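My notebook is open and I am going to look up a few things in this structure.

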Amino acid sequence: MSEASMNMASEVARKPLILGNKTYKDISDDICEPVEAAPGKRWLALLLSAKGLFLFYLIHIAIVVSTGMGLLGVNSPIAWGTMIITFVFWIGIGHAGTLISAILFLFRQKWRTSVARSAEAMTVFAVMTAGIFPLIHTGRPWLDFWLLPYPNQRGPLWVNFRSPLLWDVFAVSTYATVSSVFWYVGLVPDFATLRDRAKTKIRRLIYGALSMGWRGSARDWAHYEMVYLILAGLSTPLVLSVHTIVSFDFAVSQLPGWHTTIFPPYFVAGAIFSGFGMVVTLLTLVRIGFPKFKDYITIDHMEVMNKIIMATGLMVGYAYGSEFFIAWYSGNPYEQYAFINRAFGPYAWSYWIMVTCNVIIPQLFWVKKFRRSIPVMFVVSIFVNIGMWFERFVITVTSLHRDFLPSSWGMYEWSWFDTAILSGSFGMFLTIFMLYLKFVPAISIAEVKPVLYVGRQRPGGH
Amino acid sequence: MMDSKLQAGHQDSQSKSPAESGPAYWLSLEELEAHPGMAERYENEFMASPLSADDNGFARRDFLKVMGASLALATSACVRRPAATIIPYAKAPKEITPGEANFYTSSWFDGYEGAGLLVKTLEGRPIKLEGNPQHPINLGALSARAHAEVLSLYDPDRLRGPRRNLVNKDRSNSESVSTKFEEADAAILEVLKKGGVALVTGSKPSPSVRAIIGDFSRAFGVRWVEYDALSLESVREGQRLSYGRAVLPRYRFDLAQFVVSIDADFLGTLISPVEFTKQWSKRRTPGADMSRLVCFESTMSLTGMNADDRVRIRPSRQLDVAFALLNRLARKGATMPAGLAESAKAFSAAEGEAGLDPMFLDRVADELWKKRGTSLVLAGGLATATAQQLELQVVVNALNSVLGNDGKTVDHDSAVFQTYSGSAKSLATLIQDVAAGKVKTLIIDDLDLMTLLPKDSGFAEAIKKLENLIYTGNRNDATGRLSNWVLPVGSSLETWGDLELQSGIYSIQQPTIMPMYDTRSLGELLLAWTKAGSASARVKASETWLDYVKATWSQEIQSKTDLGRGKAFNDFWIELLQTGVAMSGGRRERTSSARAFVGRVSVKPAPNRAVMELVLHANSQMMDGRYANVPWLQELPDPVSKVVWDNYLAVSPAWAREQGVKQGDVIEITSGDFKMRAPAWIQPGLHDAVCTMAVGYGRKGLGKVAEDSGFDAYQAAMFNAGQPIFSGRLVELKKTKERYELVSTQIHHVMENRPLSLETTKAAFEKDQGSGIHRHHVFTIWPEHQYTKHKWAMTVDLNSCTGCSACVVACSSENNVQVVGKRYVMEGREMHWIRIDRYYKGDMASPDTVFQPVMCQHCENAPCETVCPVLATVHNDEGLNDMAYNRCVGTRYCANNCPYKVRRFNWFNYVKKRAEPLHMAYNPDVTVRTRGVMEKCTFCVQRIRRATNVAKDEKRPLRDGEIKTACQETCPADAIVFGDLNNKESRVAKLFAEKRAYTLLEELNNQPRVRYLTRVRHAERVDEKHGHGGGHAAGRAEDRQDQTTCAFEGGLV
Amino acid sequence: MHVVDSFVRNSFVRSFSFSAVYFSGVKRAAHGIAFLQGALPSLKTLSLASMLSMSMWLTACGWEWGSIGYNKGYAPEQPIPFSHELHAGQYKMQCLYCHSSAERANHSAVPSLNICMNCHLVVPGSEGNPWIPKLQEAYAKNEPIVWKKVHLLPDHVKFNHKRHVEKYGAPQACHKCHGPVESMETMYQFSSLSMGWCINCHRESENQAPVSCSTCHY
């Protein structure tokens, strides 16, 4: 064994990140192939169905906005329903992308390179899907601009800086801008690659404009890496702060079941949990859609993510347990009733769906075989997101429907529009994601090439 | 300045052409060749703004302003508001100031209950009814139904002109054509002249209407019959059998220390509930002589829920209770009346199987005997209309005579009721005569007899024999469709009239709006017809109906009243119009001597049957169903069951469990050939062999609102040839597979051991006035905000509140609160700003009940204010939580964070759904909220604003009680008090300091501005096991109190 | 540990030049679109122009020049060109004579025709002036004159004339909001009547007027 390979062996034998003996040229071809080739039948079918669902979604939003919030199931006492639940759901999903591309970048986790681009894209699209809800869930959506602190001639009449809904406006808009800039900066070198490989004039024109004059010079790379590092630094606190503020929408109130201090970490863990669930769901489909990607997004990548899913699932499970303990420990009858009612009241079915999907089903991943089997992980990741939607449903609806005065107890009046808005939001997300897969390289060429030789013998070594 | 120097410098170089001098340095080839365009380009290169400073007056600094302005204007497209017009009167009437309300005194009567009114009119139209404080009967309070008169005036479905039905022989077709009154008068006069005319009306306690009917009947030989659907003929008849004179006595609850009610809902529907509630609530102030109420009831009525002790009985056992008490009193030394001795013996023998608890009856008899002269036993209303209703009345009269109450708590001559003067017997004989063809023309005034009379009255067949049927009513309803002429009489707010509710107490009824449609009141109709016949002097002398009323008052009434004695009629008339009521003083305070009891009764106790008994009763918001088309009343949660828009068949929880019947299962009720279907409602407190149903629902032809609301229960009654039976009918109930959605605004009826509507016992109260309240240690590190001007607050006395819900309708009328309809109430979207929470306590078979009116508490640390993102709800400097409707975006977080759940949201644009003339009832002082806006109780801020401005203008401090909120003003029990805490002498400040006062959910430290006063209940339970049918699980009230407080030893998060 | 320090220090140093990168990046982008040079204005001018217009818009709407949505200076043409300058200015008529409801109610009503006719029953007005006959004819036919409303507050505002007139007296109170009416030939809106404008007056210490929401919105 050569001296070089000796110290190689003394290190833990690294598993290769990229399989299939790829060369740099192969990488560019494999990743640019879906972008440059004509759209496949399956992709077109998926896109059209997603776009249909998206139109269906827009039509129903138009009806709700023009007729009134009463079309949904919200009422008194449950004044928040599907829209707020789905808003928190989508914002939660976004957090995994930022975690992968920012935090794991700062931790220098090499495996992130092949999943970072799609995860980050999922974040941006999830935030876009979520961003619609704060605007359309209000009673008078045409006055939503009052939520912004702009100078006015009413005295001036500012906004209420003590309200968590206002913090939401700042948090979500910051999150949207930072994560889209971070995603776009990462894309610039890849756009330049596409621009150089472009055959047609239009493609060159568009990718040229998008690549902002990238010429791949050492100077460009130096600036690029510095910017990427800084943006990763900026995005890291966002992963924790945005969902903390979203959890303040509930934690700051007085309601039994909402007014608990565990909410911020509980929501962030839940967010990362559902985020990785969605990443695993999407990437299993992407690997099936584009078989070449299997060499880049290998089973090892999926396995690592499944481990994270299991970890954050346990954290969320811990949070459920701690809520019950605190309710008992506090001796406050309203809190005690709120949690007993959650587990055994009229909405117990949603509570137990949540617990099974979030805590019990991910335990499958203790078994290595399941952790590495695509069908199992796909099914588990779907259950994870179902569980997480129900977690927000349980928090919002069960605490609101039975709180302090028994005389004002009520039930949520689920209507057709609730289903339409919920399913429609997936239509929006999937439409944008399908377009992304077609027009943007789904794996970051620029980041995958440097890690080509991780855990592999560099050819022509001395 | 700068640019001009720059330009000057520039001109010099330009004067010498570049070509000759040849610049030493050149930027481009063109410059070198002195290309013509170059000079002009140089010109502009350094000029910051393309508009030079001097020629057209735009300096560089103005450039930014102009660009900005034009840009902004371009974007905002010159938002100048559309031109609006302002149209003054041509000749302004002097009493109308736009925006200022005028109040006119008037009276209200709906066939059963009456009250003195103050009608608030604005720019010539009535918008709200308030009680006339000077009227001795309602003293400024009003019941829920009284407020509804405004909406029935603006009801879009009422007839807008007389109609002529082209009716065929057996009156089966129904095409109707509109006509003119003149045409109708001509035709009707010929018919009247032919004779054989009969007139059927409801009871008419109005002196001038009775006078004109007298003249009319004398002119055409008309036979006049009065009939009430909810008749109290048995009470009048019982008085005649007992004392020789048929009279409807006035019960003095202000003198009664101990009241025993046998199925008499005097706080909800019996005779004059507002007057009785006023007297009753005064005697309920906690203290030594606090009055006590024991109810023996077959229905769960409002009075039963306010009783200290309630015993559920079957209607057939009402007589057993009366005789049981009589026998016990006899044993205590009272002289048993001769006529009853023999029946009493029979009842005392059969007492065992009646299922009544003898020990409880002993204690009640003891109490009655101790309180001789200041106690009262009463029975009456539909629930007592059994086969033995007369015997029951006689025995009850005997009890009152034996106890010496007659003349004291039972006033039988100084100011007896003039209402309920209808008689079913005379109507029965009339129907027979009509069937026999003796009557050619029948005139029916505002009584839909086709619906109100059960089938066995034979009315439907009889009217086929009539030549002419004339119906004077505002709807083309079941009777209207069969009549030849339908002559709309309009609302009482459009016509003159008067009222003598109790003998000697006269009040005037003034029109407060020009008649909106082509309508004539009954008086005008009869006056017009009588003028053509052989008219009396008074008819000839009076040109219009007003003249006739004035003539009646001057000839018959003026001399009998203090206001009128020794005065010219015109002065008396003006003063009458201002005060609204005239009476001879002291009439209502006088007690009189007891009458000799001469009643005889021979009746045997009913055998014990295991068959279900049906009890029909009236409820306080619908009564006979006349106001079924008023949205406020349809959506008013029933005071007992909180069901809206429907009636139901109430069954006991035990029976329902046994039959596997759930809420809303449709039950088929059969009795002999009668068959009917109705949804079941599980009502705690009903006897297991009793089912009850409210009349007045399901009436056809009243209008869109009343269209399919509820089930017609009149058909379940029996006319029984003049002695109608509404209660005690033996029925079989069979569960069908159908279901019917019964909607209620409160789906949970137990307090879950939480300290919400607190209650204590009289004994505990005497020891410690704050008993029953668990005080929480609440502290704050912030100094309390100092209110320099006002500090508004409100107290609600749970001991006097009877739960009648009049405040809910008054609040909706004052604050333009919308009605949303049954479907949206089912989805939890009702809009009432105040809701009456009703909780059951103890054993569900026969529970105790507590009420709690909950409105916005205007908290000091308001949880809604911190979470509103746009500052739409903030605290103002007078302690109110202001709701700025125009600033609200509609995130609804404030509703989520309000622990009292008193905020209401406009889910849809309900304003657009309000049919046309109903919008005239809006109060312009209160903004009408559009879609997407939150709303809540504002402590009637418009009244606060108006009163404080008046006080400021008159440069004087605000007097306590000058501001009355709408709910406080209409509350018959004076339970609500509003005022300024900064004024230490105000009633509310004193009540706040009372030890009985507590705040709802005090432990949340919201510091609410509303305090409740605990309810005090006479709980010296007669003994552990008492006649509550199966014993009272929670034992004595004191134990129950401890049970509720112990759950609270733990601290709070 | 030191690895982390250096990394942290580097990133801070580099971030200061962050802005430099961006601007140069923008410049670079301009070159990138080499072939676009002629057809479109270069990106630099485009971005400068957009920034300029944005800043102008912000400064413009920040200023108190009240013409978006408010009617300052609105002087509609009335069916009868009634001159306040003539009646209130020259003849010194009291405001409250015609607008009598201003001291009794929230609304200050435009005078009904019978108030005009108190004088114009006998006062014919100047020679050949068509307006007085039009007034008299409308009064005879009992038809009101349809005036154009000059001062229009939104429906959700409840202004109380009585309070203001009671506090400051007739002409002074009127001048505060309606301006020098007696010098107005045709009535125009003197002040913006915007919420900020009212609040500034309420805030002045000598007025001691409440500024809570329910003062005007209830």
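Predicted model: local features only at pLDDT ≥ 70, side-chain atom pairs only at ≥ 80, totals over all residues.

**Entry 1: what I call a cavity.**

**Entry 2: second largest cavity.** With that in hand, I looked up which residues lie nearest the centre of the second largest cavity. They are Asp265(B), Thr269(B), His617(B), Ala618(B) and Asn619(B), out of a lining of 32 residues. The space in there is about 410 Å³. I sorted the lining by class and got 16 nonpolar, 12 polar and 4 charged residues.

**Entry 3: largest cavity.** Next I checked the largest cavity, which has a volume of about 880 Å³. Its lining has 44 residues, and those closest to the centre are Phe109(B), Lys204(B), Asp446(B), Val489(B) and Arg626(B). Which elements of chain B give two or more residues to this lining? I found β2 (101-109), α6 (144-153), β18 (497-502) and α20 (522-532). Of these, β18(B) gives the most, with 3 residues. By class the lining of the largest cavity splits into 16 nonpolar, 14 polar and 14 charged residues.

Entry 4: One pair I picked out is Ser107(B), whose bridge partner in β3(B) is Gly116(B). The two strands make a hairpin with 4 residues between them, and Gly111(B) in the turn has a positive phi of about 95°.

**Entry 5: second largest pocket.** I moved on to an open space, the second largest pocket, with about 1600 Å³ in it. I counted 50 lining residues, and Asn861(B), Leu1004(B), Asn1005(B), Asn1006(B) and Gln1007(B) lie nearest the centre. Both chains show up here: α11 (333-344) of chain A, along with α29 (863-867) and β38 (997-998) of chain B, each supply at least two lining residues. My tally by class is 21 nonpolar, 17 polar and 12 charged.

**Entry 6: the sheet that holds β38(B).** Where does β38(B) sit in its sheet? I first wrote down the order, which is β37-β30-β39-β38 in chain B, an open sheet of 4 strands with mixed pairing. β37 and β38 of chain B are at the edges with a single partner strand each, so one side of each has no neighbour in the sheet. β38(B) pairs antiparallel with β39 (residues 1010-1013) of chain B over 2 bridges. In that pairing, Ala997(B) has Leu1013(B) of β39(B) as its bridge partner.

**Entry 7: a barrel.** I found another arrangement in chain B: 6 strands close into a barrel, in the order β21-β26-β23-β25-β24-β27, with mixed pairing. On average, neighbouring strands here are turned by 45° against each other, direction ignored. I zoomed in on β23 (residues 649-651) and β26 (residues 690-694) of chain B, which run antiparallel and are joined by 2 bridges. Leu649(B) stands opposite Met693(B) in β26(B).

**Entry 8: two helices in chain A.** At what angle do the axes of α2 (residues 24-36) and α6 (residues 164-197) of chain A cross? I read roughly 75°, and the axes come within 11 Å. That makes α2(A) roughly perpendicular to α6(A), because angles of 65 to 115 degrees count as such. In α2(A), the residues Ser28(A), Asp29(A), Cys32(A), Val35(A) and Glu36(A) meet Thr193(A), Leu194(A) and Arg197(A) of α6(A). The contact has 3 nonpolar, 2 polar and 3 charged residues.

Entry 9: Most residues other than glycine have a negative phi, and most peptide bonds are trans. I went looking for exceptions.

- Ser76(A) and Pro77(A) are joined by a cis peptide bond, with omega about 10°; Pro77(A) is in the loop between α3 (41-67) and α4 (82-106) of chain A.
- The bond from Gly155(A) to Pro156(A) is also cis, omega near -20°, and Pro156(A) is in the loop between α5 (112-136) and α6 of chain A.
- Leu871(B) is not a glycine, yet has a positive phi of about 55°; I placed Leu871(B) in the loop between α29 and β33 (873-875) of chain B.
- Asp974(B) has a positive phi too, near 45°, and is in the loop between α33 (966-970) and β37 (976-980) of chain B.

Note on methods:
Residues numbered from 1 in each chain as written. Chains lettered and ligands numbered in written order. Heavy atoms only, no water. 1 Å grid on protein atoms, 1.4 Å probe; cavity = no way out; pocket = protein on both sides within 12 Å on 5 of 7 lines; lining within 4 Å. Points joined across faces, edges and corners; volume = space filled by probe spheres on them. Nonpolar A, V, L, I, M, F, W, Y, C, P; charged D, E, K, R; others polar. Axes fitted to C-alpha atoms, helices over the stretch in contact; angles between N-to-C directions. Parallel < 35°, antiparallel > 145°, perpendicular 65-115°, else oblique. Contact = heavy atoms within 4.5 Å. Pairing = 2+ DSSP bridges.
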